[in-house]
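Trainee: I am new to this structure. Please take me through one part of it in close detail, then show me what lies around that part.

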Amino acid sequence: MKAIIIASGNIIKKEIFDEIYSESDFIICADGGLNYLDSLNVKPNLIVGDFDSANINLLEKYKNVEIKKYPAEKNFTDTEIAIEEAIACGFNEITIFGATGTRLDHTMANILLIERYIKNGISIRIVDNNNYISILNKDITINKKEGYFLSIIPISEYIDGITLKGMKYPLLDVKVNRGSTLCVSNEIIAESAEINIKNGMGILFLSKDK
């Protein structure tokens with residue numbers, strides 16, 4: 001069960017949205033994300049937020065869609081509300097668009113949100129026009145994505161036993177401490193790359209410049 005959350009940060013290119021939308025079962029708009037989704041002529045399944053950035057005319061347009069309004073003064077962001085709603089609906093794989101932007105505090109908060117939920121078995125990734133961001137806490141295989149660099153940034157005290165195969169800069173059973181830049185800006189050179197870890201957790205980036 002896969003869900004998409006549209007937040008109100010940077011707008012995603014239509015081709016990137018379409019690729020993930022074709023594999024998804026449910027769309028939640030977090031406040032101003034409704035403005036973007038409407039521009040694609042795609043109807044959401046649920047709209048949530050305090051609605052300080054959503055076009056009020058669109059709320060009227062989608063009045064037949066379930067809408068959950070929250071007070072402006074609250075202890076959580078609209079994105080967190082949307083994640084909780086997706087989980088309550090039974091989704092354990094979530095892609096968030098619009099989670100990055102000019103507000104670095106919101107961007108950082110959203111990245112740390114996905115760290116929190118991975119501990120509960122909820123897989124969340126953040127996607128924008130230049131980045132695929134997820135949490136690394138187990139062995140994975142990643143297919144090569146042309147033009148993208150791969151980076152691993154430890155968010156635990158360290159990641160123990162990192163082994164990288166199929167990459168320009170391979171590693172074998174290396175301990176990488178938090179704050180290290182050892183695993184920044186690597187490249188997949190095979191058809192796919194293997195990342196193995198023994199302990200720890202990191203933020204996994206697939207990023208491109210343009």
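**The aromatic cluster and its surroundings**

Mentor: Ring pairs link Phe17, Tyr21, Tyr36 and Phe97 into a cluster. Rings of Phe, Tyr and Trp (its six-membered ring) pair if their centres lie within 6.5 Å; planes under 30 degrees apart count as stacked, over 60 as edge-to-face and the rest as tilted. This is a predicted model, in which local features need pLDDT of at least 70, side-chain atom pairs count only at pLDDT 80 or more, and totals for chains, interfaces and linings use all residues. Residues are numbered from 1 along each chain as its sequence is written, and side-chain values use heavy atoms, with hydrogens and water left out.

Start with the count. The structure holds 6 aromatic pairs. One of them joins Phe17 and Tyr21: the ring centres are 5.2 Å apart and the planes meet at 20°, so this pair is stacked. Phe17 and Tyr21 are 4 residues apart in helix H1 (residues 14-21), so about one helical turn separates them. Helices (H or I, at least four residues) and strands (E, at least two) are DSSP runs, numbered from the N terminus.

How does burial compare? Phe17 has 0% relative accessibility, so it counts as buried. Tyr21 has 36%, so it counts as partly exposed. The cut-offs are these: buried means under 20% relative accessible area, exposed over 50%, partly exposed in between (1.4 Å probe, protein chains only).

Phe17 has another ring partner, Phe97. Their centres are 5.7 Å apart and their planes are at 50°, so the pair is tilted. This pair links distant parts of the chain.

A nonpolar core is a set of buried Ala, Val, Leu, Ile, Met, Phe, Trp, Tyr and Cys residues joined through side-chain atoms within 4.5 Å. The largest one has 41 residues. Phe17 and Phe97 are among those with the most contacts inside it, along with Ile6, Leu150, Ile152 and Ile195. A second, separate core has 29 residues, including Ile81, Ile94, Ala99 and Ile155.

Take Leu150 from the largest core. Not counting residues up to four places away in sequence, Leu150 touches Ile142, Met167, Cys183, Val184, Ser185, Asn186, Ile188, Ile195, Leu204, Phe205 and Leu206. Contact here means heavy atoms within 4.5 Å. Cys183, one of these partners, is at 4% relative accessibility, so it counts as buried.

Rings also meet charges. Lys145 lies over the face of Tyr148, at 5.5 Å from the ring centre. Lys175 lies over the face of Tyr158, at 4.2 Å from the ring centre. The test is that NZ of Lys or CZ of Arg is within 6 Å of the ring centre and within 35 degrees of the ring normal.

Next, the loops. Asp31 is in the loop between strand S2 (26-30) and helix H2 (33-39). Its relative accessible area is 0%, so Asp31 is buried. Phi of Asp31 is near 55°, a positive value in a residue other than glycine. Asn41 also has a positive phi, of about 60°, and is not a glycine. Asn41 is in the loop between H2 and S3. At 69% relative accessibility, Asn41 counts as exposed. Most residues other than glycine have a negative phi.

Asp31 is also a contact of Asp50. Asp50 lies in the loop between strand S3 (46-49) and helix H3 (56-61). With a relative accessible area of 11%, Asp50 is buried. The Asp50 side chain reaches the backbone nitrogen of Asp52 at 3.2 Å.

Finish at strand S12 (residues 192-196), where Asn196 is found. Asn196 and Asp139 are 57 residues apart along the chain, yet their C-alpha atoms are separated by 4.4 Å. A polar contact of 3.4 Å joins their side chains. A polar contact is a pair of N or O atoms within 3.5 Å; within protein, one must be able to donate a hydrogen and the other to accept it, and residues adjacent in sequence count only if both atoms are side-chain atoms.
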